[in-house]
Amino acid sequence: MAEYVESNIEAMIPELELMEKMQIFDKNEIRAITKKRKEFEYKLQRVTKCKEDIMRYIQYEMDLMKLIRQKRVEKGLNSKKSNVDYAIANHINKLFNQAIRRFPSDVRIWLSYIKFCKQVRFYTCASRILDQMLELHGAAKPELYKLAAQWEFEECQCIEKARKFLLNGLHIHKDSKLLYKEAFKLELNYANLKWKELEGKDENEEKNDAVLQGKLAEVMYDSAIKKISDINFVVELYSLSKEYTFTEHLQEKILNDLKRIFPTDELTWDTLAKKELSAINKEDSEGAPINHKDRIANCEKVYEEACEKVPTQRMWNMYLDTVVQLNEDQSVLPNYKKHLFQRVFKEAHLKGMLDEKYYLIWVEHLEGPKLYNTLKEGTKRLPQSVRLWEARLKYLLSKGEEKAGVKVFNEALTTLTSHEHALPLWKYMLKYWQITNPSKAESLFKEGIAADPAVSTPLKPLYLEWLTVNHGIGAARKAYSTLANVPPFCLEMHYKMAQLEDIQPQLSLKNVRKCHMFSTQQFGQTNTDVWMAYVKFEQKHGEAKNVSEIYSRAVKHLKPQLVDIFVSEFSLSKAECFTSNAPLPQTKMEEVEEPMDTS
């Protein structure tokens, strides 16, 4: 083994001497490189081969090659640069060959090898590696055929080999959308390349060539749709063909196939309609150019026909989306587009084909009574839409119509089957009363807290905060003492009350501890956070003996699977506490209990 390693190292001496002669590295750096290479070489000779060893060796050599290039630029050294670079690149090439022989099942190594060949322009080598890789992995990974074809076409400019790779792939993966799409795209790109070569020439015979007319792409398309009956795939091929000016005949063929094979699919009609919008260079039956307004009108006709023949929600959604997109550009035909928008949305509404999303879009373009009537109709058609009820409520309250707003609020609560979904309405109504009428806000808070748990639980902390702001901490404490014992229990309420206590000018340890006691009693079996919050409070404001008591209670009450988690968190917290710059309090703060605010 040693003899083999020494032989390999000796073979590298000329390139190292050249590096030193060119002053890229000094003697010490050359010794370090030699030592590192020797370490890697010995690892490669182990009886048990390790993939990581050879990949680290390859990475080391690639980093070395990069460093040499940087040093050459820094020192302005250009002479004999190919000799040094080629020697290291050749060494890396040999290492990659060893890697793929030893670990042929790892596709990542093959791909890294090909990427390296591209970087150092070993094109012949890369083509050979691609053949070997496909022989081993092509049956399981069709994407490798795509990679091989792209390499041959883009890097080697060899259309024949690129076609061969894709056809071989399709012979194995007969229904591969990926390979059919790539083969279709390859022929389009090749034809486009040929057109660019003919730019500025007037050779009609050449321009009538089958390749230039996209005939080979058409052949590949025909093969694809015989194997794959998927409208999304066909539309994808159509979208690819639209990127080229010489594919008009092919585009028409694909559209005709869509109508023939998928006559009742919404995507067919959507594609046909949008095609009318892009008919920039088309002419009408009399030979006149089709202007912008006519294109929109033609698109509209297709959608109208589509909604009659395929009257589905999806079809109408496609129509509405297109109308919305058209109205985003108001620089051309603004009035025409606005009228179209209102007409189509109203028609969809009358046919019961508007869902929540489109009602909300529609009302953004309406004002006054029309806006409210549309929202009212929307909540009738979609009675479970919280967003429509909320929009309707906001409109009325923004106009100062409190009585009507309260009526809609109550109607919504009666109509909505999910109390949880009604929560945004409660919050909005509460916010409104907090600003305009605090007494009604308190009444509604109490009503909400007595309601279903899906509403009452999230409202409890909001109520305590409102009480503190409007009636003082005493009122909040009184309400908390009552609510804390009323199920369903609310952890967020305990946290909120502790937070409200913490911001008071005079901190009451007794009242804060009360919050932590409730949270640990009610949630201490399944939640380590409540115990840690209690611990950190005592570490910051309380006494050391309390921390020990909390620790003991936590270990006793937590479920067994959570005890280890708590112990780890506690140990970490204790370590952080001792390493903190701020010392722990040495004296107990005075406990002050403020009198209850009974006002």
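Predicted model: local features only at pLDDT ≥ 70, side-chain atom pairs only at ≥ 80, totals over all residues.

I began with phenylalanine 345, which is buried, its relative accessible area being 0% (buried means under 20%, exposed over 50%, partly exposed in between, with a 1.4 Å probe and protein chains only). Residues are numbered from 1 along each chain as its sequence is written, and side-chain values use heavy atoms, without hydrogens or water.

Next I checked phenylalanine 341, which counts as buried because its relative accessibility is 1%. Both phenylalanine 341 and phenylalanine 345 sit in helix α18 (residues 334-350), four residues apart, about one turn of the helix. Helices here are DSSP runs of H or I with at least four residues, strands are runs of E with at least two, and numbering starts at the N terminus.

**Aromatic rings**

I then counted 25 aromatic pairs, taking rings of Phe, Tyr and Trp (its six-membered ring) with centres within 6.5 Å; planes under 30 degrees apart are stacked, over 60 edge-to-face, the rest tilted. Phenylalanine 341 and phenylalanine 345 make a stacked pair, with 4.3 Å between centres and 25° between planes. I also noted one aromatic cluster formed by Tyr86, Phe96, Tyr113, Phe116 and Phe122.

**Whole chain**

I found 31 helices and zero strands in the protein chain. Its C-alpha atoms fill a box of roughly 95 × 85 × 45 Å along the principal axes. Of the 599 residues, 45% are buried.
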